[in-house]
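Work through the exercises below with the sequence and the model at hand. Each task is followed by a solution in steps.

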Amino acid sequence: MRSENKMANVAVLVAVVIVVISILYQCLRPIFRAPSSKDGVKVAKAEDKWTTAKKIPGMEKRHSEDGNLQDITEAGGFVDFLFKLHAKYGYVASFWYGKHYYVSLASPQAWKDHIKVFDRPVELFEFSRPLIGDNCLQTANGKEGKTRRKIYDVSFQNDALQNYYKDVQEVADDTVEKLSSIPSGENISLQQHVPLYVSMAFGRVFYGDFFKDEEKVIALRDNYETTMEALNQKISDVGPANEEKFNTALNTWRGIVQEAIQHRRDNPPLREEDRNFLDVLIDFCVTDELLFTDAAIFYIGGYHTTTYMIVWMIYFMARDIKVQDKVHEELVEVLGNERNVNLKNQSQLRYLKRVIDETIRCSVLAPFAARVNFEEDMKVLDYTIPKGTGVIHALGVVLADKAIWPDPERFDPDRFLPEKVAERHKLAFSPFGFAGKRICPAYRVSHAEAFVLLATLCRKFKFHLVGGQNIKRKYGFVTLPSEEVKITLEKRE
């Protein structure tokens, strides 16, 4: 009997020890887990994330260092890879970007659960560091990034925006006048004319009258394009001979931007209503390097997105004369033949707005965005995404989803009729991003440039696509036409 009691006591003691050890383990486990750090916030190692998020379907590492980079290359690029990833694994799928574990989301319902996240994963933009520096707004996270966005956004709200239309209209008039001098029926390359229009309009709006000089605008654009071409070659390891070309173009481009900054410092606006984005930067930025990088990033972002939104828009309209005729009828009804677009009457051009929206959707203009939550794990649909995990918003995959957009390859502005919009999830069309109040800050300026140019062009010309062109999408951070888009112009009676 005494032996049985002794055994019972031992059993109880062992059970107590196991419970105590279990409790201590749970309490002390976070201390001994090896963290990495981002702005002082502990995040899990990539391997820990993989274990924690193992229920998320997706790809295993193909290579210990490169992750799934070879799969991305074999798919034809990052965006093509996202299409294939989600076709195989569904709306929520994981992969490895080098050593970094990522989760990609391809449904509006999943995006809703990620809508408040502000920060961006900086490794996705590592390739552009030589161009934009270490601390530009594109990769500024946390409190600093939010503060800068709040200050800069004032330059793109309605009170400021209404003052930009006059400058944009002057540039549009000059552009259409040049096009008018081209003989009827002669082939016109949109990629030769639209980028100059966008550069001049953005230059005037963002930086002021320094860029009223067309030669300076051309030098800004040409050196930027040369820099980007050389940067792409650097990424592709084309060879050391490319380094000199890159540095020469970059330094020339930086010099032009810095010259524009100094010109504005020396010639500040006399009236408060004439202040622009550059004036805000000059007041806020405490270093010349920060001033340059944030001045430059707005040109970089605005140039590509707006240029190719307009190029794609004219391309789609040139394919369908009925769309052109509807745009023209609305312009004459709202503006007559002489009035210009402004902030107030732009909202009355409802069909033209639907054409712009369908252009952005059908071209898959901005195919993805990215965010990261450094603070806490996130519940997305039925999955847990560990803190510190980069998350891709696969915008392009959703814009081509047949369940949301029947016959997605067809260009149909009436998809954006109010009753059609009401049938879709409110995030189904999020062309400038949606998360963390970090959508493209200058998208209203981009829209204004499109409205003004098309309103000016369509009231003077019909445009036709040159035959024999096989235009396809060329994906990147912005989706480009695969070749030059060529049109001919026919003057309206």
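**Overview**

The protein has 20 helices and 13 strands; helices (H or I, at least four residues) and strands (E, at least two) are DSSP runs, numbered from the N terminus. This is a predicted model, in which local features need pLDDT of at least 70, side-chain atom pairs count only at pLDDT 80 or more, and totals for chains, interfaces and linings use all residues. Residues are numbered from 1 along each chain as its sequence is written, and side-chain values use heavy atoms, with hydrogens and water left out.

**Exercise 1. Burial and contacts**

State what percentage of the residues is buried, and what share of the contacts joins residues at least 24 apart.

Step 1. Buried means under 20% relative accessible area, exposed over 50%, and partly exposed in between (1.4 Å probe, protein chains only). Of the 493 residues, 50% are buried.

Step 2. Contact means heavy atoms within 4.5 Å. When contacts between residues at least 6 apart in sequence are taken, 71% of them join residues at least 24 apart.

**Exercise 2. The cavity**

Find how many cavities of 30 Å³ or more the structure holds, and describe the lining of the largest cavity by class.

Step 1. On a 1 Å grid over the protein atoms alone, a cavity is a set of points where a 1.4 Å probe fits but cannot get out; lining residues have an atom within 4 Å of a point. Grid points are joined across faces, edges and corners, and a volume is the space filled by probe spheres set on the points.

Step 2. The structure holds 1 cavity of 30 Å³ or more. The volume of the largest cavity is about 70 Å³.

Step 3. The residues lining the largest cavity include Thr175, His193, Ile314 and Leu457. H10 gives the largest share of this lining, 3 residues.

Step 4. Ala, Val, Leu, Ile, Met, Phe, Trp, Tyr, Cys and Pro count as nonpolar, Asp, Glu, Lys and Arg as charged, and the others, Gly among them, as polar. The lining of the largest cavity then has 8 nonpolar, 2 polar and no charged residues.

**Exercise 3. Positive phi**

Locate Leu381 and Asp407, and state whether each is buried, partly exposed or exposed.

Step 1. Leu381 is not a glycine, yet has a positive phi of about 50°. Leu381 is in the loop between strand S7 (378-380) and strand S8 (383-385), and is partly exposed at a relative accessible area of 33%.

Step 2. Asp407 also has a positive phi, near 50°. Asp407 lies in the loop between helix H18 (395-399) and helix H19 (418-423), and is partly exposed at 44% relative accessibility.

Methods
1 Å grid on protein atoms, 1.4 Å probe; cavity = no way out; pocket = protein on both sides within 12 Å on 5 of 7 lines; lining within 4 Å.
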